[in-house]
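Dear colleague,

Please find the structure that I am handing over to you below. My notes on it follow directly after.

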Amino acid sequence: MSEQMSDDDERQQSPPSDLDFTSNKARTCIVTGSVSGHTEFQSPYPDQVLENVLENVLHFLTSRRDRNTASLVCKSWYRVEALTRSELFIGNCYAVSPARATARFTRVRALHLKGRPRFADFNLMPPDWGAHFNPWVLAFAKACPWLEKVYLKRMSVTDDDLATLAESFLGFKELVLVCCDGFGTSGLSIFVSKCRQLKVLDLIESEVSDDETDWILCFPEGESHLESLIFDCVEYPINFEALERLVARSPSLKKLKLNRYVSIGQLYRLMVQAPQLTHLGTGSFSPSEIAGQGDQEPDYVTAFAACKSLVCLSGFREIIPDYLPAIYPICANLTSLNFSYANITAEQLKPIISNCHKLQVFWVLDSICDEGLQAVAATCKELRELRVFPVDAREDSDGPVSEIGFQAISEGCRKLQSILYFCQRMTNAAVIAMSRNCPDLVVFRLCIMGRHRPDHVTGEPMDDGFGAIVMNCKKLTRLAVSGLLTDKAFDYIGRYGKLVRTLSVAFAGDSDMALKYVLEGCPQLQKLEIRDSPFGDAALCSGLHHYYNMRFLWMSSCRLTYQGCQQIARAMPRLVVEVIRSADEEEMDVCVQTLYMYRSLEGPRNDAPKFVTIL
Amino acid sequence: MVTDKMVDYPQFLNLMNKEWLVNHKVSEDKKLELRLGPPGEALDDNRNTTHGTKRAFQHTAETRTGEKEWPIDTTKNQCQKISCIEKIGDKVNLPPTPWSSGSTIYSAFSKDTKEEPQHSKASFFQSLPVSKKLAGMAEDFKQPCSPRMAVGEVQFADGKACCSLATADPDASTNITSNKRIEYSPVVGWPPIRSFRKNIASNSLSKPASESSNDKDTGGKPENPKTQLFVKINMEGIPIGRKVNLSAYNSYEELSLAIDDLFSGLLAAQRDPSATQNESKAKESAKAEAGPLAGSGEYTLIYEDNEGDRVLVGDVPWNMFVSTAKRLHVLKSSELSTLQICSNEKEKAPFDPAVHI
């Protein structure tokens with residue numbers, strides 16, 4: 001689950017790498033190695049030594065922010081930094097081209113790419129918008145064949161790309177696909193069969209199509225180097241016997257997350273083979289129908305007890321709560337527990353959670369109600385991250401969780417750093433309480449599911465609650481707002497949210513002023529996603545001074561016009577301004593359905609589909 | 001009280017348009033006062049009217065007309081996807097209500113531009129193209145903003161919000177007379193939950209073999225063929241068998257009705273060969289016979305399980321049946337005792353099978 005946390009925990013002090021290419025603030029160092037006599041130049045020897053020393057030193061620099069800064073010192077440092085950068089992070093795959101990236105960073109071992117904007121996950125964008133991995137894999141196959149690790153988020157990966165990965169990179173070790181799509185079991189089959197050194201294959205929240213190929217069977221025979229195998233998002237049955245054999249021959253396997261087609265009986269068999277697991281996704285956590293009714297149930301408790309290193313537990317995709325007691329032995333060791341697919345009640349939760357004293361990350365469904373949250377607050381004093389998802393994700397349903405559970409958490413879990421809370425009703429008082437009780441909050445995402453819903457006790461807008469959060473939580477970098485909000489809330493954010501990097505707004509604000517406050521007030525703002533809010537062209541123009549510092553701006557169903565967006569596009573040549581309409585719309589309307597704009601060194605992309613117009 | 005306001009509305013609107021710019025600045029200064037304490041005005045009982053702009057407009061209203069409650073909802077002027085527009089489409093000429101739900105704004109707007117040019121406020125709208133898309137707004141959830149947004153200035157856009165409210169349907173107020181929330185139609189992508197997190201309630205009750213409905217929101221995902229369990233079914237006396245998809249049903253009743261449907265036609269055809277020309281005719285006549293056929297107990301349903309044994313349908317829980325049944329047989333009840341039924345079943349009354357067709 002730690003992989004799924006966004007990069008909110010990174011500090012940004014220097015401009016990001018993708019703009020470094022054009023900045024020429026470097027003092028030029030003396031060029032060495034000139035052929036035409038060295039009377040004009042200093043002797044090459046000391047500089048060579050300096051570069052070697054620099055190279056060795058820079059190898060230790062891991063933070064990409066620090067590396068970006070170092071690369072700006074002078075040309076020599078720029079060059080050496082490029083040679084020593086082993087992990088390349090590109091937050092927007094369209095900000096820089098594969099050619100440019102491979103030209104500068106020639107010895108990259110790990111590539112981390114992000115593609116589509118987050119709102120695409122909620123069907124706010126037609127499919128096939130872009131973010132194709134293909135040009136990247138081809139470029140890197142040619143230029144950096146020693147690439148070992150690829151981490152992709154929200155990108156389209158084809159079966160061919162997977163084949164290329166496996167065939168072009170001999171020592172390939174780790175593939176992590178988060179929220180990706182475009183590939184299927186046949187691509188996986190080729191990939192696993194050819195990657196002999198594979199250590200990590202993590203498919204997280206990705207769409208995998210079923211080509212009816214048995215990809216588990218395609219893992220090569222013999223001892224496997226697998227350390228992590230995560231496939232809980234695969235919505236098709238897998239060959240369990242082949243999986244069992246694979247686990248048996250993977251002595252280094254530490255992370256295993258099964259999909260819902262693995263029954264609890266099968267889980268048992270796997271756990272017995274792999275007691276060394278640290279991260280386990282339990283699959284369905286219910287028996288299959290085919291299991292004989294009269295057969296003796298395996299001793300699940302012992303199996304769990306044997307996994308002494310287990311710290312992260314998830315799965316429970318189709319849980320039969322009767323089996324929950326099986327996990328009692330490991331509760332005390334758990335630092336991360338994901339019940340977000342388990343529709344359990346407070347009573348069913350309590351015996352578990354009352355033992356989870358070390359728990360730091362807890363994802364759960366609101367079926368546990370306020371009472372369940374109170375139980376969490378009573379025990380989990382080390383809690384850093386809480387996510388409460390709705391069982392019933394509709395706007396008008398009666399919410400089982402409210403400000404009561406929310407406030408209880410704030411009072412019990414003082415070390416809270418990250419919260420995502422879906423509810424139907426909330427009060428300013430509870431939010432203000434959390435702002436005071438949990439000053440370490442870095443990520444605050446409150447989703448009051450009914451649109452424009454005010455404080456349900458006072459009837460006031462939720463301005464003051466969110467205002468308190470930005471005022472009191474001085475480390476806050478990520479904020480998602482909801483409920484009835486006026487411009488005042490945004491004024492607060494602009495004034496106090498000085499570290500905010502990611503802001504999500506939906507159905508909020510009264511006027512352009514709101515957006516203005518934010519664009520003028522938040523110098524660290526990187527990612528701004530807005531939907532269905534009354535912000536128009538004037539507001540858009542108020543951010544011109546800042547857009548080059550941002551990764552992207554998303555505005556959908558707001559009040560933007562083509563004219564307004566075109567003004568921005570003309571004023572800022574390094575910004576790609578995409579106007580996206582729904583896939584079936586033929587002509588361009590005067591007003592803009594969706595604006596997605598981002599800085600880029602490459603200008604308009606050449607793979608834009610026809611529902612995208614780049615201004 | 002609502003109606004009084006409506007009478008005043010046209011004048012107020014003119015006032016708004018002219019004085020809005022002047023007074024907006026005043027209200028802005030007021031807005032910038034940051035207060036963390038509870039705000040001054042209490043809202044009325046209808047909490048559902050506290051839309052985002054209310055406070056702003058209260059300032060404005062107070063400075064000008066002293067009216068405290070003009071809940072104008074500009075946030076609702078977003079391109080929201082409303083589906084109940086169709087129901088309210090024709091009721092334009094009735095006095096408007098400020099508490100109209102979001103849907104009526106769009107219906108009102110389309111009527112406004114088409115049918116009420118004599119209103120002074122309509123000067124804004126006449127100049128704007130009336131896109132035929134407005135009419136179709138109900139169906140297409142992904143419609144862009146209405147053309148009135150083209151003017152681009154927030155103040156005027158807000159003014160338009162008032163305009164559209166003017167012709168909104170008062171019948172919508174019946175939704176709001178109680179203190180319930182306004183009924184919003186669902187909007188794309190809200191609440192922001194990824195599709196595989198939806199339908200948790202159904203998933204926790206269903207068994208692994210059943211179909212997942214998670215695919216719907218992702219669009220374009222092919223149906224998983226493995227969740228379709230087609231088994232052959234043969235009826236005694238009919239040479240040609242059929243196939244049924246067991247995973248399409250949730251209970252024995254549904255299955256027996258479906259089997260009934262399947263074979264009634266064939267049975268009828270056998271009895272009367274001339275009726276086979278028109279298949280649908282045969283079905284119709286078969287349906288007339290379906291009643292007596294279903295309840296007669298004339299036939300018994302048997303299945304072959306994964307061990308090859310023949311078992312009476314209805315003995316085991318439905319889900320277990322679905323996962324173990326490999327073949328079905330429809331036999332005449334009178335013939336039952338002569339068949340080799342599973343030894344367990346012999347202890348039960350053989351002439352009282354669990355499922356009759």
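A disulfide is taken here as a pair of cysteine sulfur atoms within 2.5 Å. On that criterion, the structure holds zero disulfides over all chains. This is a predicted model, in which local features need pLDDT of at least 70, side-chain atom pairs count only at pLDDT 80 or more, and totals for chains, interfaces and linings use all residues. Side-chain values use heavy atoms, with hydrogens and water left out, residues are numbered from 1 along each chain as its sequence is written, and chains are lettered from A and ligands numbered from 1 in the order in which they are written.

Cysteines

The sulfur of A:Cys179 lies 7.3 Å from the closest cysteine sulfur, that of A:Cys180, which is too far for a bond. A:Cys179 counts as buried because its relative accessibility is 7%; buried means under 20% relative accessible area, exposed over 50% and partly exposed in between, with a 1.4 Å probe and protein chains only. A:Cys144, at 0% relative accessibility, is buried as well.

The two chains

Chain A contains 20 helices and 23 strands, where helices (H or I, at least four residues) and strands (E, at least two) are DSSP runs numbered from the N terminus. Chain B has twelve helices and five strands. Of the 615 residues of chain A, 63% are buried, while in chain B the buried residues make up 50% of 357. Contact means heavy atoms within 4.5 Å. Among the contacts in chain A with a separation of 6 or more, 72% are between residues 24 or more positions apart. For chain B, 66% of the contacts between residues at least 6 apart in sequence join residues at least 24 apart.

Helix α16 of chain A

Nine of the ten residues of helix α16 (residues 463-472) of chain A are buried, so this helix is largely enclosed by the rest of the structure. Among the buried ones are A:Phe466, A:Ile469, A:Val470 and A:Met471. The buried residues of α16(A) pack against α15 (428-437), β16 (443-448), β17 (478-480) and α17 (487-496) of chain A.

The axes of α15(A) and α16(A) are 8 Å apart, at an angle of about 5 degrees; axes are lines fitted to C-alpha atoms, for helices over the stretch in contact, and angles run from 0 to 180 degrees between N-to-C directions. The two helices are therefore roughly parallel to each other, a label for angles under 35 degrees, with over 145 counting as roughly antiparallel, 65 to 115 as roughly perpendicular and the rest as oblique. Residues making this contact include A:Val431 and A:Ile432 of α15(A) and A:Phe466 and A:Ile469 of α16(A).

Helices α5 and α6 of chain A

The axes of helix α5 (residues 134-143) and helix α6 (residues 159-168) of chain A come within 10 Å and cross at roughly 15 degrees. That angle makes α5(A) roughly parallel to α6(A). From α5(A), A:Asn134, A:Val137, A:Leu138 and A:Ala141 meet A:Asp161, A:Thr164, A:Leu165 and A:Ser168 of α6(A).

Strand β8 of chain A

A:Ser228 is placed in strand β8 (residues 228-230) of chain A. With a relative accessibility of 4%, A:Ser228 counts as buried. Leaving aside neighbours within four places in sequence, A:Ser228 is in contact with A:Lys199, A:Val200, A:Leu201, A:Asp202, A:Leu253 and A:Lys255.

Yours sincerely
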